[in-house]
Amino acid sequence: MNWRVMAKKDFLDAHRKWSLGTAAVGFVLFLAVPMYLGMSHARNPGTVDFFGQMGILVFFAPLTGLMMSYGAIAAERELGSLKLLLALPYTRRDVIAGKAVGRAAVVGTATFVGVFAATVIFLAFGGSLPVVEYVAFLALVFLLTAAYTSSAVCLSAASPTSNRAMATSVGFFLLTFLGWSSVPLVIRYVLNGFSSPRGAPPAWANVIDSLSPVKAYSTGMDTLVHGNVGSTFYHTGWFALLVLVAWAVIPVVLGYRRFSSVDI
């Protein structure tokens with residue numbers, strides 16, 4: 001259970017180095033300030049859509065998670081402090097699991113500070129929030145954050161330098177945020193004999209398209225928060241939660257497999 005000690009150390013280090021506080025201030029600026037401006041200028045503040053105002057999180061939370069996590073292991077490896085860390089009673093599994101949990105806790109805490117500040121402003125202007133949908137929203141936000149921090153820690157464990165870890169993290173962000181819908185299109189293009197496929201996409205292409213963490217978050221918001229009913233299993237809330245949990249866990253496992261055999 002030394003991974004818990006590592007996770008606590010990582011969280012406290014972020015607190016001591018002001019990275020947690022800086023990220024929290026950033027989330028307050030990007031969430032609470034627009035909420036105040038929107039509510040103060042609205043003719044009827046009670047009709048403002050809180051979850052719509054939080055839409056920027058789908059971009060800001062993943063980007064912050066990646067930027068705060070890509071150096072989790074690669075930076076310590078460059079500085080040589082990783083050897084000292086492994087000389088203590090920590091295994092490589094403790095390091096990568098503790099780093100993943102610690103970074104998810106740091107970015108999740110900073111995100112929640114911004115969300116709670118925006119919530120206080122929203123309620124102060126007379127807005128109302130359904131409790132169950134609000135809790136579902138918080139769970140989706142945390143899972144989205146954990147998906148990207150875990151992926152960044154995985155890429156950090158597989159990269160010999162911080163620069164390479166940052167480059168691969170940026171590439172991962174662009175792929176999942178902008179280019180994921182192209183993946184099933186490319187597969188269909190190859191399967192169609194390197195020619196453009198015609199007609200509606202098959203079900204398997206839609207399933208692949210729904211496996212992006214951003215798409216899963218959007219599906220979860222649409223079904224679990226806004227109450228829309230999905231027409232297929234990959235448009236349901238439980239499937240979205242399963243995808244996000246998988247993105248939070250599987251990269252850590254893959255990162256450990258790589259990190260366990262790498263020569264430090």
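**View 1. Phe 177, a partly exposed residue.** Phe 177 has a relative accessibility of 27% and so counts as partly exposed. The model is a predicted one. The residue belongs to helix α9, which covers residues 162–179.

**View 2. The ring pair of Phe 59 and Phe 177.** The rings of Phe 59 and Phe 177 form an edge-to-face aromatic pair. Phe 59 sits in helix α4 (residues 57–67) and Phe 177 in helix α9, so the pair ties together parts that are 118 residues apart in sequence. Phe 59 is also partly exposed, its relative accessible area being 35%.

**View 3. A cluster of rings.** Phe 50, Phe 51, Phe 122, Tyr 134 and Phe 137 are linked into a cluster by ring pairs. In total, the structure has 21 aromatic pairs.

**View 4. The helices of the chain.** The protein chain contains 13 helices and zero strands. Its radius of gyration is 20 Å, close to the 18 Å given by the globule rule for 264 residues, so the chain is as compact as a globular protein of that length. The C-alpha trace spans about 60 × 55 × 30 Å along its principal axes. Among contacts with a separation of 6 or more, 79% are between residues 24 or more positions apart.

**View 5. Surface and charges.** Of the 264 residues, 45% count as buried. The accessible surface of the protein chain is about 13100 Å², and 67% of it belongs to carbon and sulfur atoms. The chain has 18 positive and 10 negative charges, whose mean positions lie 6 Å apart.

Definitions and conventions: Residues numbered from 1 in each chain as written. Predicted model: local features only at pLDDT ≥ 70, side-chain atom pairs only at ≥ 80, totals over all residues. Heavy atoms only, no water. Helix = DSSP H or I, 4+ residues; strand = E, 2+ residues; numbered from the N terminus. Rg over C-alpha atoms; globule rule 2.2 N^0.38 Å. Buried < 20%, exposed > 50% of the residue type's maximum accessible area, 1.4 Å probe, protein only. Contact = heavy atoms within 4.5 Å. Areas by Shrake-Rupley, 256 points an atom, 1.4 Å probe, with all protein chains shown as cover. Lys, Arg positive; Asp, Glu negative; His and termini not counted. Charge placed at Lys NZ, Arg CZ, Asp CG, Glu CD. Phe/Tyr/Trp six-rings, centres within 6.5 Å; stacked < 30°, edge-to-face > 60°.
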